[in-house]
Amino acid sequence: MFLIQRLTLALASVLLLAATPAAQAGNPIFVLNSQDANVSVIDPATWKETRRIATGKEPHHIYLTPDETSVIVANAGGDSLTFIDPRTAEVQRVVRGTLDPYQLRFSPDMKWFVTVANRLNHIDIYRWDGKELTLAKRIPSSKTPSHIWIDTKSTTAYATMQDSNELVAVDLATQTLKWRMKTGEMPADVFGTPNDKYLLVGLTGDNHVQVFDVSGAQPKLFKTIPTGAGAHAFRAAGDGRHVFVGNRVANTINKIDYLSLESVMQFAAPGGPDCMEVTADGKLLFVSSRWIKKMSVIDTATGQLVRQVKVGKSPHGIWTLDHAKRY
């Protein structure tokens with residue numbers, strides 16, 4: 001009887017350990033440390049930085065390949081792209097000769113890959129065959145191209161020009177400029193609604209988001225949404241209705257209803273919130289706290305800071321395979 005009791009207790013202990021978060025490790029979280037030229041790899045079960053991956057200079061943004069076998073780190077100062085396995089965090093290859101890839105994005109039809117050169121002032125459009133990139137066209141741009149959005153039909157790429165206060169549209173099929181539109185001060189990230197009707201543009205030099213109607217031949221400013229000083233980066237909540245925008249100067253984050261085009265929630269986010277990621281269940285928001293060398297974890301329901309993880313200098317892009325839908 002004593003032996004049976006001991007075995008029962010041992011089995012119960014094993015089951016209890018299996019149910020704890022530490023035993024339910026998911027895919028790693030990647031945080032790009034722009035000033036350290038590396039990537040922090042964080043274990044989501046233990047909330048520990050397990051290692052750092054060396055990259056080229058100034059890694060700023062990160063994006064998944066369409067086949068989900070690689071995540072690409074764009075090294076703006078290193079003129080290179082680092083391909084990393086999103087599940088094992090092993091470096092797969094480095095593609096050199098991509099000039100100043102600051103921000104990057106694939107088209108939904110998986111045929112096009114677009115980068116913007118933040119310091120060299122151009123937009124690069126590459127063809128993608130599922131494995132290799134071939135430059136189709138380099139388009140000279142205005143001053144300091146910042147962020148990209150591509151419509152759901154894979155016909156148009158939109159890019160903000162941070163220091164010339166513009167939003168531009170590029171036809172992907174012909175690789176030609178379709179139009180230019182003046183914006184407010186220092187436009188940064190751009191987010192398109194799923195119906196391709198509106199583009200939301202964060203104004204880092206101001207305290208609001210501009211909404212442009214791009215459904216016609218020429219864009220029109222539709223409205224502005226007050227947020228906070230330094231409106232900068234977007235991340236969809238994954239519920240098909242809301243998107244978060246970080247206000248880097250105000251140290252706040254707003255939740256915007258992109259159906260009503262209104263802000264419905266605001267909460268504190270320390271250390272200059274920049275890029276964000278939402279967990280697959282939509283419950284947690286990971287934020288790169290740019291000025292304090294940390295990743296902040298925030299409860300999306302309450303807006304409360306749950307924990308912080310120390311990373312490297314000037315953390316910027318943040319990503320995990322276990323993320324919420326992008327709409």
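1. Asp213 is buried, with a relative accessible area of 15%, where buried means under 20% relative accessible area, exposed over 50%, and partly exposed in between, for a 1.4 Å probe and protein chains only. Asp213 forms a salt bridge with Lys197, the closest N and O atoms being 3.2 Å apart; a salt bridge here is a side-chain nitrogen of Lys or Arg within 4 Å of a carboxyl oxygen of Asp or Glu. Because Asp213 lies in strand β18 (residues 208-213) and Lys197 in the loop between β16 and β17 (198-203), the pair ties together parts that are 16 residues apart in sequence. Strands are DSSP runs of E with at least two residues, numbered from the N terminus. Lys197, for its part, is partly exposed, at a relative accessible area of 27%.

2. The model is predicted, so local features need pLDDT of at least 70 and side-chain atom pairs count only at pLDDT 80 or more, whereas totals for chains, interfaces and linings use all residues. Residues are numbered from 1 along each chain as its sequence is written, and side-chain values use heavy atoms, with hydrogens and water left out.

3. The count of salt bridges comes to 16. One of them joins the side chains of Arg326 and Glu277, at 2.7 Å from N to O; since Arg326 lies in the segment after β28 and Glu277 in strand β24, this pair ties together parts that are 49 residues apart in sequence. Arg326 is partly exposed, with a relative accessible area of 27%, while Glu277 counts as buried at 0% relative accessibility.

4. Another salt bridge brings together the side chains of Glu90 and Arg51 (3.2 Å, N to O), and it links distant parts of the chain, with Glu90 in the loop between β6 (80-84) and β7 (91-96) and Arg51 in strand β3, 39 residues apart. Glu90 is partly exposed at 43%, and Arg51 also counts as partly exposed at 33%. Elsewhere, Asp36, Glu49 and Arg52 are linked in a network of salt bridges.

5. The largest pocket holds about 880 Å³ of space; a pocket is an open set of points on a 1 Å grid over the protein atoms alone, with protein on both sides within 12 Å along at least five of seven lines, and lining residues have an atom within 4 Å of a point. Grid points are joined across faces, edges and corners, and a volume is the space filled by probe spheres set on the points. The lining comprises 35 residues, of which Tyr63, Arg105, Trp149, Arg235 and Arg326 lie nearest the centre of the pocket. Strands that each supply at least two lining residues include β4 (59-64), β16 (187-192) and β28 (315-320).

6. The search of the whole structure finds one cavity of 30 Å³ or more, a cavity being a set of grid points where a 1.4 Å probe fits but cannot get out. Among the residues that line the largest cavity are Trp149, Asp151, Tyr158 and Asp196.

7. The count of aromatic pairs comes to 14, where rings of Phe, Tyr and Trp (its six-membered ring) pair if their centres lie within 6.5 Å, and planes under 30 degrees apart count as stacked, over 60 as edge-to-face and the rest as tilted. Phe244 and Phe267 form an edge-to-face pair, 6.3 Å centre to centre with 70° between the planes. Phe244 is buried at 1%, and Phe267 is buried at 7%.

Definitions and conventions. Helix = DSSP H or I, 4+ residues; strand = E, 2+ residues; numbered from the N terminus.
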